[in-house]
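Here's a walk through a model with an interface to look at. Have the sequence and the 3D view open side by side as you read.

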Amino acid sequence: MTMTSAERLQHALAHKEPDRVPCVIAAAMHPARDMGLSIKEYFSRPENIVEGQLRLHRKFGNDMLCCYPFAAIECIAWGGEAIYFDQGPPNCGAPVIKKPEDILSLEPPRVSENAALKANLKAISELKAVVGDDIPISGVAVSPFSLPIMQMGFEAYLDLIFERPDLLERLLQINADYCVEWANAQLKAGASAVMYSDPAFSPGIMSRDWVQKYGASAAKQVISRINGSVMIHLASGRGLPIVDEIIHAGFFAMSASAEEDLGELKRACKGRLALVGNLNALVMNHWTEKDAEAAVKKAIAQAAPGGGFVLMDNHGEIPFIVREDILLAVSDAARRWGQYPLNWLSDYEQ
Amino acid sequence: MQELTRKQKLFVQALMQLDTSRCRELLAGQQTSEDCSTHPEEIVVPALENIGQAWETGHISLSQVYMSSRICEKVMEKILPQDSTPQESSTRLAIGVIEDYHALGKRMVISSLRSAGYKPIDLGHGLKAEELVEKALQEKADILLISCLMLASAIHVKDVVEGLNRAGSQIPVVVGGAPFRLYPALWKETGAHAVGNNSADAVKIVRDLVGRQL
């Protein structure tokens with residue numbers, strides 16, 4: 001029996017086998033090209049994003065939609081600016097926290113009054129009105145622990161952790177309150193779950209000491225206050241060494257990095273934490289259709305048995321240069337080889 | 001991975017503990033020890049290489065690599081002016097980031113190079129390829145290093161290499177950053193001369209390139 005995207009995801013995330021492996025082609029910028037718009041023009045209107053997400057669903061059968069435009073929206077929300085590029089996602093402009101002492105007077109944006117955030121909420125509610133309960137929409141909130149990278153620059157943030165733990169604690173609390181308000185507003189607008197973007201939680205980025213001391217405690221506090229399910233996205237970062245911390249914090253799913261063994265990660269997470277990943281989007285543009293099929297089969301073979309797996313790229317954002325024919329090959333292969341039961345696996349393993 | 005001496009191991013240990021005083025003590029001891037013929041950078045550079053490799057293999061975090069390179073830079077500041085070799089002082093290294101505002105990688109490479117006695121020229125970040133070419137030529141760089149986080153930025157390295165070629169320059173271009181790690185063939189496609197897998201690699205590559213130029 002064919003399931004709706006919502007049913008498919010619910011089954012998979014509950015560690016059961018749905019009709020087929022859910023698949024998400026996170027080509028957030030690609031609809032701009034399709035619609036004859038620059039990346040900046042495309043993201044400037046909520047209506048464009050709604051149309052773009054619907055196109056992604058029609059084209060690739062995406063089982064989850066997402067209206068979050070790009071991480072630099074957080075910079076805009078906090079009073080900074082986004083710097084746009086023709087062929088890639090916008091970056092954050094000058095830091096809004098210019099010196100550590102600025103944290104003492106830092107005021108978070110009010111979600112209900114902030115133009116950038118309100119536009120994103122409008123896109124979610126308009127998309128929800130079209131897709132109803134059939135296709136889940138994911139909200140996105142940058143974690144309190146990772147947000148300072150954009151607020152003050154990575155270098156200054158690391159110096160702050162080392163030199164001014166007092167101000168760090170204050171900043172994390174301000175960010176936690178904001179993160180909760182922002183995540184809950186997205187859920188209220190129609191998002192089904194929240195993707196908690198936290199690259200700093202990866203042990204490849206921050207030391208285990210700092211992750212445990214600051215990242216894990218911030219995550220626990222935030223998750224307990226968000227009115228819905230929360231998955232952690234490490235934005236390509238490795239997560240295998242911290243699976244237990246992720247589970248303990250209360251996440252129901254995590255991203256899988258292309259830099260780690262998906263099979264090993266699956267064994268560590270089985271029945272406890274669903275996995276989302278781990279196609280290497282940076283090499284996709286050099287794939288042939290056969291390469292795409294082989295990569296999809298490998299990921300499914302490693303992580304899909306028993307459910308608990310959503311096929312996606314490892315970063316949550318496919319580079320703009322990746323060709324559409326390759327993305328179609330990925331989604332076709334996911335349909336062809338992702339049908340449960342995965343009977344072909346015995347031959348594949350041999 | 002190169003086997004470290006006892007002193008180098010102690011230095012790595014102090015860096016992992018973010019113990020700046022201990023690092024300073026170890027290097028001070030190095031300078032005053034009567035029977036020791038080792039230059040302080042022979043402690044620092046292998047230690048940073050070791051830390052870089054530990055990051056590559058997933059054993060430590062980027063924050064630890066960053067903090068280590070910053071501590072090394074700090075403790076070497078007072079030692080370097082008198083100890084830098086003429087070659088390190090005279091090699092003009094320039095570093096920049098194109099089409100991207102992520103500058104941590106650049107900062108880490110600068111710290112590693114300074115810890116080894118070099119005086120890299122920071123050309124900035126968020127630059128267009130042609131701006132980086134112009135700045136590198138203006139600065140009369142002997143070697144140009146480019147740090148990248150995003151694929152869209154890494155692809156523009158090719159424009160830098162072509163721009164330098166058009167200007168008749170043979171400046172070697174050294175790249176590093178996540179796109180080159182996740183897509184290992186990319187650096188060759190851009191026409192770069194070398195790739196570093198971590199910030200400490202920059203020292204090794206620069207020494208090698210300078211050695212070849214001599």
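This is a predicted model: local features need pLDDT of at least 70, side-chain atom pairs count only at pLDDT 80 or more; totals for chains, interfaces and linings use all residues.

Residues are numbered from 1 along each chain as its sequence is written, chains are lettered from A and ligands numbered from 1 in the order in which they are written, and side-chain values use heavy atoms, with hydrogens and water left out.

Chain B has 13 helices and 5 strands (DSSP runs, numbered from the N terminus: H or I of at least four residues for helices, E of at least two for strands). Of the 214 residues in chain B, 57% are buried, meaning under 20% relative accessible area with a 1.4 Å probe, protein chains only. Now take the contacts (heavy atoms within 4.5 Å) in chain B between residues at least 6 apart in sequence: 72% of them join residues at least 24 apart.

On to the partner. Chain B puts 29 residues into the contact and chain A puts in 26 residues. Together they bury about 2400 Å², with 67% of that from carbon and sulfur atoms; buried area here is the accessible area (1.4 Å probe) that two parts lose on being put together, summed over both. Look for B:Tyr101, B:Leu151 and B:Leu182, which supply 25% of the area that chain B buries against chain A, more than any other three residues.

The interface has 4 salt bridges, each a side-chain nitrogen of Lys or Arg within 4 Å of a carboxyl oxygen of Asp or Glu. You can find a salt bridge between the side chains of B:Arg181 and A:Glu259, at 2.9 Å, N to O. As for which parts of chain B are involved, the elements giving two or more residues to the side that touches chain A include helix H3 (41-56), helix H4 (62-77) and helix H11 (178-182) of chain B. H4(B) gives the most, with 6 residues.

Last stop: B:Asn50, in helix H3 of chain B. Is B:Asn50 buried or exposed? B:Asn50 counts as buried because its relative accessible area is 15%. B:Val12 is 38 residues away from B:Asn50 in sequence, yet their C-alpha atoms are 8.0 Å apart in space.

Terms used: Buried means under 20% relative accessible area, exposed over 50%, partly exposed in between (1.4 Å probe, protein chains only).
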